[in-house]
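Here is a short briefing for a first look. Please keep the sequence and the model in view while reading.

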Amino acid sequence: MFKCTLCYDRLGADQEPACAKACPTESIQFGPLDELRERAAARVEDLHREGVSDARLYGHDPEDGVGGDGAFFLLLDEPEVYGLPPDPVVTTRDLPSMWRHAGAAALTLLGGVAAVFAAHGRNGGKR
Amino acid sequence: MGDHKGGKERKGRKGRRGEQLMVPEAEFTSYYGKPILNPPTWQARDIAGYFFLGGLAGAGSVLAAGAALTGRPRMARALKISSLVSVSGSAAALVHDLGRPERFANMLRVFKPTSPMSVGSWLLAAYGPAAGAAAVLDVGGRLPRTGRAATAVAAALGPVVASYTAVLAADTAVPGWHEGYRELPYLFVGSAAAAAGGMALIASPVAENAPARSAALFGTALEGVAVRAMERRLGVVAETYREGTAGRLMRAAEALGAAGSLGGALLARRNRTAAVLSGTALLAASACTRFGVFHAGMRSAEDPKYTVVPQRERLAAREPRQTQG
């Protein structure tokens with residue numbers, strides 16, 4: 001498994017990524033983000049006007065749970081129909097809270113066992 | 001999951017299309033039932049085994065320190081040895097998961113608090129030698145002051161070793177683990193305390209095992225409460241803890257834990273055989289819990305239902321006005 005580099009080598013030679021170049025329907029588009037956003041919004045509007053009311057963008061919002069996707073999509077149905085999560089949230093968002101809970105659990109263990117030994121007292125010297 | 005074909009059935013779309021008559025309304029849609037997440041490539045034996053052994057070692061070190069401080073030397077020694085053996089076993093499981101021993105050393109090239117695996121590697125690197133020194137110096141009878149210090153360090157780090165593994169699992173996109181991140185650490189330390197109590201029941205004389213019986217009760221009760229709280233929070237994802245392999249393991253864990261802790265509390269006071277049997281049941285219960293949690297998580301990652309439904313519920317709760325979902 002490796003991550004997409006947007007064909008870094010081709011970009012250096014002023015070419016677009018190979019997938020965008022090769023795509024026969026020009027479904028994969030590459031360009032300045034603002035321009036892409038504009039084009040995508042216009043296309044969604046067109047589709048809505050044509051009665052494709054399920055058309056929507058996915059992964060375009062930098063404010064969503066994963067800070068926006070590296071590539072955003074125009075979908076014609078709910079994301080899960082395409083095998084995409086409808087409301088993804090990056091797991092590390094909860095990490096500080098996870099560490100706090102783990103710390104509290106560790107203290108619970110320490111305190112619980114300490115209480116057990118305190119209650120039983122020294123061996124031989126039973127209450 | 002064959003009945004959740006892509007785009008054919010959908011929720012909340014009543015009457016949008018006329019030909020939806022024969023199909024019962026599905027709760028969610030997916031791409032032909034294919035998983036949305038890539039399930040972890042973890043092996044049950046490595047990872048659930050690591051959870052179990054780490055818990056046994058960590059909680060065992062706390063019990064060992066308590067036993068040493070309250071005049072129970074044989075229980076202390078037995079638990080120090082058990083902690084050394086189990087932390088070695090958990091390091092072996094970790095190395096097996098990583099693939100090559102050098103990779104563990106590579107894990108120590110950085111310290112990264114945002115990576116539970118990095119934190120865990122450092123934790124293990126500090127705790128392992130302390131637990132080892134505590135055991136070796138106790139058995140060898142040398143350097144009593146260093147031995148006491150090592151025991152104290154192991155007892156201070158042990159609870160973290162037992163609980164951090166919950167973060168390791170919860171800091172993934174796996175719904176069965178992530179959604180339960182609040183309860184999972186308590187579940188893990190409860191299970192760890194029960195396992196260590198069980199080990200103490202097996203390995204120490206009846207004259208010294210009173211705290212072990214109480215620790216086993218405490219651990220089993222804590223685990224039971226945490227499991228229930230977690231299942232309540234998980235909603236539909238809790239199914240993964242009730243059904244299939246994970247369900248069987250969780251039920252076995254509950255039965256064995258109850259039998260071990262109650263049997264230990266009632267019978268292990270006088271009867272050595274009963275103590276050993278109770279301790280064995282407690283260890284088995286803890287192992288079942290860890291493998292149960294592991295399999296529940298894997299199941300929740302493999303079925304798109306457990307990814308989609310909670311996220312849909314979250315969306316619905318957040319934006320009731322938006323109806324395109």
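Chain B exposes about 14200 Å², and carbon and sulfur atoms supply 61% of that area. Accessible areas come from the Shrake-Rupley method with a 1.4 Å probe, and for residues only the protein chains shown count as cover. This is a predicted model, in which local features need pLDDT of at least 70 and side-chain atom pairs count only at pLDDT 80 or more, while totals for chains, interfaces and linings use all residues. Residues are numbered from 1 along each chain as its sequence is written, chains are lettered from A and ligands numbered from 1 in the order in which they are written, and side-chain values use heavy atoms, without hydrogens and water.

**Build of chain B**

- Chain B has 12 helices and 0 strands; helices (H or I, at least four residues) and strands (E, at least two) are DSSP runs, numbered from the N terminus.
- From the N terminus on, the order of elements is α-α-α-α-α-α-α-α-α-α-α-α.
- Of the 325 residues of chain B, 56% count as buried; buried means under 20% relative accessible area, exposed over 50%, and partly exposed in between (1.4 Å probe, protein chains only).
- Take the contacts (heavy atoms within 4.5 Å) in chain B between residues at least 6 apart in sequence: 74% of them join residues at least 24 apart.

**Aromatic pairs**

- Rings of Phe, Tyr and Trp (its six-membered ring) pair if their centres lie within 6.5 Å; planes under 30 degrees apart count as stacked, over 60 as edge-to-face and the rest as tilted.
- By this rule there are 6 aromatic pairs over all chains.
- B:Y31 and B:Y32 make an edge-to-face pair, 4.9 Å centre to centre with 85° between the planes.
- B:Y31 is partly exposed at 42% relative accessible area, and B:Y32 is partly exposed at 48%.
- Why does the pair of B:W42 and B:W177 count as stacked? The ring centres of B:W42 and B:W177 are 5.7 Å apart and the planes lie at 20°, so the pair is stacked.
- This pair links distant parts of the chain, 135 residues apart: B:W42 is in the segment before α1 (44–69) of chain B, and B:W177 is in helix α6 (residues 175–178) of chain B.
- B:W42 is partly exposed at 22% relative accessible area, whereas B:W177 is buried at 0%.
- B:W42, B:W177 and B:F294 form one aromatic cluster.

**Charges over rings**

- A charge sits over a ring if NZ of Lys or CZ of Arg is within 6 Å of the ring centre and within 35 degrees of the ring normal.
- In chain A, A:R37 lies over the face of A:F72, 5.8 Å from the ring centre.
- In chain B, B:R290 lies over the face of B:F188, 4.6 Å from the ring centre.
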